[in-house]
Structure formats: structure tokens, C-alpha cells
Amino acid sequence: MNFSTSLRLVSQKLPCHCFQSLTSVRTSVSLAEDPRRANVEQRVKKFHEIPGPNSLPWIGTSYLYLFGVYSAKRHRAAFQKYLKYGPIVREEIKPGNFVVSIFHHNDMEHLFLSENNVPQAQSHLPIIELQKNHPNALLPVNGEDWLKLRKEFQDFSSPQLQSAYLPVADKAIKDFVTFRTSQNIDDFLPELLRLSLQLTLLAAFDKKIDCFSSKEMKPDSLSSHVMEAVLTSNRLLCLFDKLPSNPKDVPSLWKKFEKAMLLIEKVSVELVQEKAKSLYQRNMKKSESAVPSLIEFLLTSSNLNYKDAVRISVNLLLAGVENTAYTASFALYHLAKNERVQNMLRLESQRILMSPTDPITDKTLEDASYARAVLKEVFRMNPLLPGYGRTATQDIVLSGYHIPKGTTIVTENQTACRLQKHFVRPNDFIPERWIKGSPVQVKDNPFLVLPFGFGSRSCVARHLAEQQLLLLLLRVVSSCVVSWTSEEILDCKNLNSTINQPDKDLKFTFNRIF
Ligand code: HEM
């Protein structure tokens, strides 16, 4: 047995993170410094040795999707690959274009911790093209320009903003539960999308619009236009990513995208101007109103100008409508399907709220430990993103394989969260896993359940979104029993989107108990 073989065997017995740190430290040593380099090289397996499906000339592995060998649902396709190839899979999506999928939390941790400060946003090419066509439009930026802006709006979810915003968010959600759950609605998703838009307009722009008024429910209202534009832009951004050619080569889709994005930009300009005007009238002083919106914070920050504020606003509108609505959809579904959990949550709401009409305060939310566990379990089972794509910014070793700089690496968090080796009864909805001291409590691994992303590109509105979802859960169970009236199981679909959305109409009934 030679030196390298024995080391390989030892490393196989070591936990994966020990192996990675060993190999990554070793591989960073140059040949000049270490004459044993030839042996060291052998310990790290080659990129082409990573298991994965066969690639064909001209079409790579795309035939596997075209012929339905792999499910059209990303998380299901990922599971198929995991079962066949194991915790690391290499795929040549198009000739010369490799994607490596990883399923082990140690690999995920290693990847995230090794990335530099400026991970590039995917889907940015169409925005660059749009900016060329419309040089004066204030569109989202990428790279270093993005980093500069991002540093300024990191505070969106600050505890102060959350506290200040809580009463208005609670009122909007309470009204929503009172009035919208009593309607006979075929599909509840558009309702949740409208609610998210209303809450985003409120928190980000201090704009009070009742998105459920008869005026706003009309197709030509401001909220209907913004909603439509956000859905269209996000769908097409994702679709353009998959196209082999420039997005402008498909003129009919390009026109739709252009129209939708420019509408979002126009609305952002108007919202920022409106706020800037009212601030000017108050001599650019911070608002004395109870709810200092994000946009006010941006406009009064000395490091940003009006144009920056608009670019950020476009981002907020694009991200602030679907994300919370889809998470809320799955949260209500799991409550509806799990009577025991719903009852436990109701008991908690009765304990922390004296009466269902009482306002929910910071203290109420602090005490809502079961509601938090419910939310965490929703994020485990139905995260917004199946995983995260990163371009390796340097050579990296994952699961013992060398991966060259520039390779696309995808962390398959959703699939990893459904593996027996990570969670007992992985397909059951058990919030108690997340409750301290519970007999089924699991060790929380921060790189497995990662609903808001990681690092500098992670969600700016995390705490605000969690607050909205907790409010919704508590308000629903304290006044209704929610049931799922369809025979079908709700799953995610993500064919035309990078994000997971419900794959069926949301068939809920809400029976009032208060
Ligand atoms: C449950 C609700 C939400 C979830 C699960 C969620 C999750 C995420 C995730 C996974 C990312 C991307 C992270 C990455 O690529 O590494 C993200 C980015 C972002 N989210 Fe959220 N989000 C939610 C709600 C919101 C809301 C309500 C807003 C705005 C009002 C918002 C604003 C943003 C923005 C602006 C970004 C881009 C950040 C950047 O590129 O700098 N999100 N979110």
C-alpha cells in the first residue's frame, strides 16, 4: 500500500469536512514548495471522475430532460440523480458547460464559506441588454455596483424597522384574514400574492394601498398592473437564462419582458419621487411617522442618491411579491393537512394572545416558539429555492473531487432536506424537530435549511418576511380552521421559474371559529 492509497483510505473514514480541509490545504501547496506534489495530486480525484449521466455530442445531457428521463420538477430530478450517482454529480448540460450538484451539507458549507464577496446574480444578461436599449432606465445592477448598493440597504430588516412596522402589518393581515377567508375562492394563490404586494408596498415605500378594494381588484388598477409585471418579468428572466441565444432573438418574449420591466421601473420612480417630495417638504428630515419605510431610510442616507434608491426599489418589487406568497401557500397547506399541528398552533395562539382581536406585539412573536418551528419546517419541506447556484471563484475540492474555477456548482438543499440520513421521517411535517428539548429535536445544520440564501447575496428582507408569515399563521389559526379540500397533494413546480411555486390551485376552506 503506497502513501497516497493509505491516506485515501484514512480520509474515507474521516468526516467529510476533515477530508476537505486536508485536501484543500494540501492542494494549495505549490510544486516548488512540495516535491511530494505528485502523490498529493493523486489523493484528489479528477473532475472528469465525478459520477454523472452520459453526455452526447451536440446536445450534452439535455436529452434526459427532453425524453422525460428526469422529472421536469427540479427537486425530483435532483433526487433521481442523487439515488443513481450519490452525493456529488457532474452533468454536461450543454457541450462544454458543466454543472456539479452537491447534496452533502459539508460540501455546501465548504462552498459557501469559500466564495468571495460578490457572487454574480444569475439572470442578469437580459437586464444588461435592457439597459443598453434604455440607457436612462434605472435598472438593477450587478457586480461591484450591486455591492455598493447592497451595503446601504442591508438594514431593511433591522429590529427597529420590524418593530415600527409590526402594527401596520398586523392590521393589514388581520383585515385580510377577516375579509378574504370568508369569500368562496377557487384558488387562494392570487389572494396571497396581492397580500404580499400590499405588505411590500407598505414596508418598502410606506405606500398604503388596499389591494383588495373593488378599485384595485380591477385588471387595470395599479396593483393588478404591478402584479402582472412582476410575474412576467420573473418568469421571463428565468426563461431567458435557459435560452442558448440572446434574449432579443425571441422578439415576442423580449417585448413582453421589456414592457413589464419598464412598468416596474416607472412605478418605482413614481414611488421614490413621491417619498422624496414629501421628505423635501419636511426639509429632508427623517419621518416622524411611526413607520419609517425603507425608501425613506435610503433617501436620507448620505451615501445614496435618488437613482440608487430607484434601482433598489425595482429589486424590492421584483423580489417582494412572489417569495412570501409561495411560502405562505405551503405553510397553510401543511397546517390544513396536519390537524394535530394546526391544533397545537391554535393552543399557542390562545396562550400568547389574550383575545384573537388583540394586537400582536414584539413580545407575542417572541413567545410564538411553536409558530417559529412550524415556519422552519415549512422551509425544510418547501423552500423557496430548490438550491443555490454558484460559479466557483477558485479551484475547490468537494467530496474529494477537484472542481476547476468557473464551474457552476448547485447546492441541492431541498433534496438534501428530504434524505433519511439528514432527517428522520423526512417527508412528514413535524415542527417539533425544531423545538428545544423535544424528544425529536434535530441538530440544526445551518447549511441544510437555508431558506434565505447565504452570504452577501442573501435575502435583505428575511426578518420582515418571517414576521409577516408568523403574523399570518397566528391570525389564521386564532380565527379559523383551515382545511384542504382537494384530493391532490400539493407539490412545487419550477419549470418556468427558478423559484418553487405551488403546482396546483390552492383549494382551501376557512371555517370561522371566532
Ligand atoms: C418567505 C419569504 C422570502 C424568502 C424565502 C426569500 C428568499 C430569498 C432568497 C433565497 C434570495 C436569494 C439569495 C441568494 O441568491 O443567495 C432572496 C433575495 C432577495 N430578497 Fe428575499 N425572500 C423572501 C421575501 C422577500 C421580501 C418580502 C422582499 C422584499 C420586500 C425580498 C427581497 C429580496 C431582495 C431585494 C433580494 C436580492 C438581494 C440581493 O441580490 O442583494 N425578499 N430572497
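This is a predicted model: local features need pLDDT of at least 70, side-chain atom pairs count only at pLDDT 80 or more; totals for chains, interfaces and linings use all residues.
Helices, at least four residues long, and strands, at least two, are DSSP runs, and they are numbered from the N terminus. With that numbering, the loop between α19 (413-416) and α20 is the place of Arg425.

Arg425 is a residue other than glycine, and its phi is positive, near 45 degrees. As a rule, most residues other than glycine have a negative phi. Is Asp206 buried or exposed? The cut-off for a buried residue is 20 or more other C-beta atoms within 10 Å. Asp206 has 21 such atoms within that distance, so Asp206 is buried.

Now take the protein as a whole. It has 20 helices and 10 strands. Of its 514 residues, 41% are buried. Among contacts with a separation of 6 or more, 74% are between residues 24 or more positions apart.

Two packed helices are described by the angle between their axes and the distance between the axes. For α10 and helix α11 (residues 222-242), the angle is about 105 degrees and the axes are 11 Å apart. Angles of 65 to 115 degrees count as roughly perpendicular, and α10 and α11 are therefore roughly perpendicular to each other. On the α10 side, the contact is made by Leu193, Arg194 and Leu197; on the α11 side, by Ser223, Val226 and Met227. Four of these residues are nonpolar, one is polar and one is charged.

Helix α10 (189-205) also has a part in the shell around the ligand, where α10, α14 (306-319) and α15 (322-337) each supply at least two residues. The ligand is surrounded by 23 residues, the closest being Ala319, Gly320, Gly453, Cys459 and Ala461. The shell consists of 13 nonpolar, eight polar and two charged residues.

The last stop is the protein's interior. In soluble globular proteins, nonpolar side chains tend to be buried together. The largest nonpolar core here has 122 residues, and those that touch the most other members are Ile264, Ile295, Ala331, Ala371, Val374, Leu470 and Leu473. Helix α20 (residues 462-479) gives the most to this core, 10 residues. Leaving aside residues up to four places away in sequence, Leu470 touches Leu365, Ala368, Ala371, Arg372 and Leu375.

Key. Residues are numbered from 1 along each chain as its sequence is written. A residue is near a molecule or strand if its C-beta atom, placed from the backbone, lies within 6 Å of it. Ala, Val, Leu, Ile, Met, Phe, Trp, Tyr, Cys and Pro count as nonpolar, Asp, Glu, Lys and Arg as charged, and the others, Gly among them, as polar. A nonpolar core is a set of buried Ala, Val, Leu, Ile, Met, Phe, Trp, Tyr and Cys residues joined through C-beta atoms within 7 Å. A residue is buried if 20 or more other C-beta atoms lie within 10 Å of its own, exposed if 12 or fewer, and partly exposed in between; C-beta atoms are placed from the backbone. Two residues are in contact if their C-beta atoms, placed from the backbone, lie within 7 Å. Axes are lines fitted to C-alpha atoms, for helices over the stretch in contact, and angles run from 0 to 180 degrees between N-to-C directions. Angles under 35 degrees count as roughly parallel, over 145 as roughly antiparallel, 65 to 115 as roughly perpendicular and the rest as oblique.
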